[in-house]
Amino acid sequence: MTQEASVGATPRLTSLSHGGGCGCKIAPGVLADLLARFAPAQAFPGLMVGTETADDAAVYRLNDEQALIATTDFFMPIVDDPYDFGRIAATNALSDVYAMGGTPIMALAIVGMPINVLPRETIAEILRGGQDVCTQAGIPVAGGHTIDSVEPIYGLAAMGLVHPARVKRNADARAGDVLILSKPLGVGVLSAALKKGQLDADGYRAMIDATTRLNTPGPELAALPGVHAITDVTGFGLLGHALEMSRGAGLRARIDVAALPWLPGVRDLAAEGMITGASGRNWASYGAAIALDAAVDATGRALLTDPQTSGGLLVACDRETAPQVLALLAQQGFTQAAVVGEMMNGEAGVDVRP
């Protein structure tokens, strides 16, 4: 679907940014190098989750019953409709709270806009989209910060609560756990097609439906004793986030390509070259730790590293709990959730089989 510019000289939102959605992320290899240059100055006993395993959010223990989850996420437009952009960005930011097993309680808006380029009505629609998602999640947007920037940027700083015993880190998977993915893949491919005017109305609706679906099952999944680890799949692609889970747990992950759920038309669009630059940057950053089966071609590799914006939850649980996880997800509308691999003993890394 080609999205036309608004009335007058208002430009398309995606034309104002060099990247879009979670494809804006700094490449994982560069980020790891930056973080490696800094060590914590001192220990903080209350800090349950920090930067050590590249987890989705920070978690600080408040007392025996409560831990605070804190996260921030923002990016440049992945779509041209301002209301949809706001919804996607807010959904994506709140996902980090759900991925830790928590419930959001409040958000602050992060807003950078080219004030002399975009009409105030357009900016207001972005904010309205984010506000509506937070209302859906049952939380206020209680403040925030704004700047005049060259490229449009929007997102949230989000806070949530979780019982300390139910925090689900990305590093606690166990050997023998199966991996369940809650949402279909391919957001990056669809966004590339959109930017090139090659995405039809059905494809756009599928992308919006996926990226604005809140990952609300997180707290209920965290309450299941057989669920050991949760992360969300975003800008580093499925392989990147599976690798983070693998490295954190000191285990090897396996991904079964045949079991992966896809958004409609994604594989055909990828074969036609609708691939983001972030996919290649992802592979360059962590490809050395991935063992690809010879049957997985270059297009397949690009799909596996495709940056997901507001992607699904990747859940590591024991086999006996897997049916409960799938049933819970299906009950909440995640009808394409599927078992996509497993965690195994072995050197940290990811094996990909057809």
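**Two sheets and the helices between names and cut-offs**

Author: Strand S4 (residues 103–113) and strand S6 (residues 153–162) run antiparallel, joined by 9 bridges. Leu-108 stands opposite Ala-157 in S6, and Pro-104 has Gly-160 as its bridge partner there. The model is predicted: local features need pLDDT of at least 70 and side-chain atom pairs 80 or more, while totals for chains, interfaces and linings use all residues. Residues are numbered from 1 along each chain as its sequence is written, and side-chain values use heavy atoms, with hydrogens and water left out.

Reader: What makes S4 and S6 a pair?

Author: The bridge count. DSSP must find at least two bridges between two strands. Here there are 9, so S4 and S6 pair.

Reader: What makes H2 and H3 neighbours by residue?

Author: Contact, meaning heavy atoms within 4.5 Å. Residues of H2 that meet H3 include Phe-85, Ala-90, Leu-94 and Tyr-98; on H3 the partners include Ile-126, Val-133 and Cys-134. The contact divides into 10 nonpolar, 5 polar and 4 charged residues. Ala, Val, Leu, Ile, Met, Phe, Trp, Tyr, Cys and Pro count as nonpolar, Asp, Glu, Lys and Arg as charged, and the others, Gly among them, as polar. The H2 and H3 axes come within 7 Å and cross at roughly 40 degrees. That crossing is right-handed.

Reader: Why is H4 called oblique to H5?

Author: The axes of helix H4 (residues 187–195) and helix H5 (residues 201–211) come within 10 Å and cross at roughly 135 degrees. That makes H4 oblique to H5. Angles under 35 degrees count as roughly parallel, over 145 as roughly antiparallel, 65 to 115 as roughly perpendicular, and the rest as oblique.

Reader: What handedness has the crossing of H4 and H5?

Author: Left-handed. The term applies if the near helix is turned anticlockwise from the far one by less than a right angle; clockwise gives right-handed. Val-187, Leu-190, Ser-191 and Leu-194 of H4 meet Gly-203, Tyr-204, Met-207 and Thr-211 of H5. The contact has 5 nonpolar, 3 polar and no charged residues.

Reader: Where does H2 meet H5?

Author: The H2 and H5 axes come within 9 Å and cross at roughly 40 degrees. Asp-84, Arg-87, Ile-88 and Thr-91 of H2 touch Tyr-204, Ile-208 and Thr-211 of H5. By class, 3 are nonpolar, 2 polar and 2 charged.

Reader: How many strands form the open sheet that includes S7 and S12?

Author: There are 7, in the order S8-S11-S7-S12-S9-S13-S10, with mixed pairing. Its edge strands are S8 (227–232) and S10 (290–292). The twist averages 20 degrees from one strand to the next. H2 (residues 82–99) packs on this sheet too, touching S8 and strand S11 (313–317), at about 170 degrees to S8.

Reader: Why is the Arg-12 and Asp-80 pair called a salt bridge?

Author: The closest N and O atoms are 2.8 Å apart. The rule asks for a side-chain nitrogen of Lys or Arg within 4 Å of a carboxyl oxygen of Asp or Glu, so the pair qualifies. Arg-12 lies in the segment before helix H1 (28–36) and Asp-80 in the loop between strand S3 (67–75) and H2, 68 residues apart. By this rule the count comes to 12 salt bridges.

Key. Helices (H or I, at least four residues) and strands (E, at least two) are DSSP runs, numbered from the N terminus. Axes are lines fitted to C-alpha atoms, for helices over the stretch in contact, and angles run from 0 to 180 degrees between N-to-C directions.
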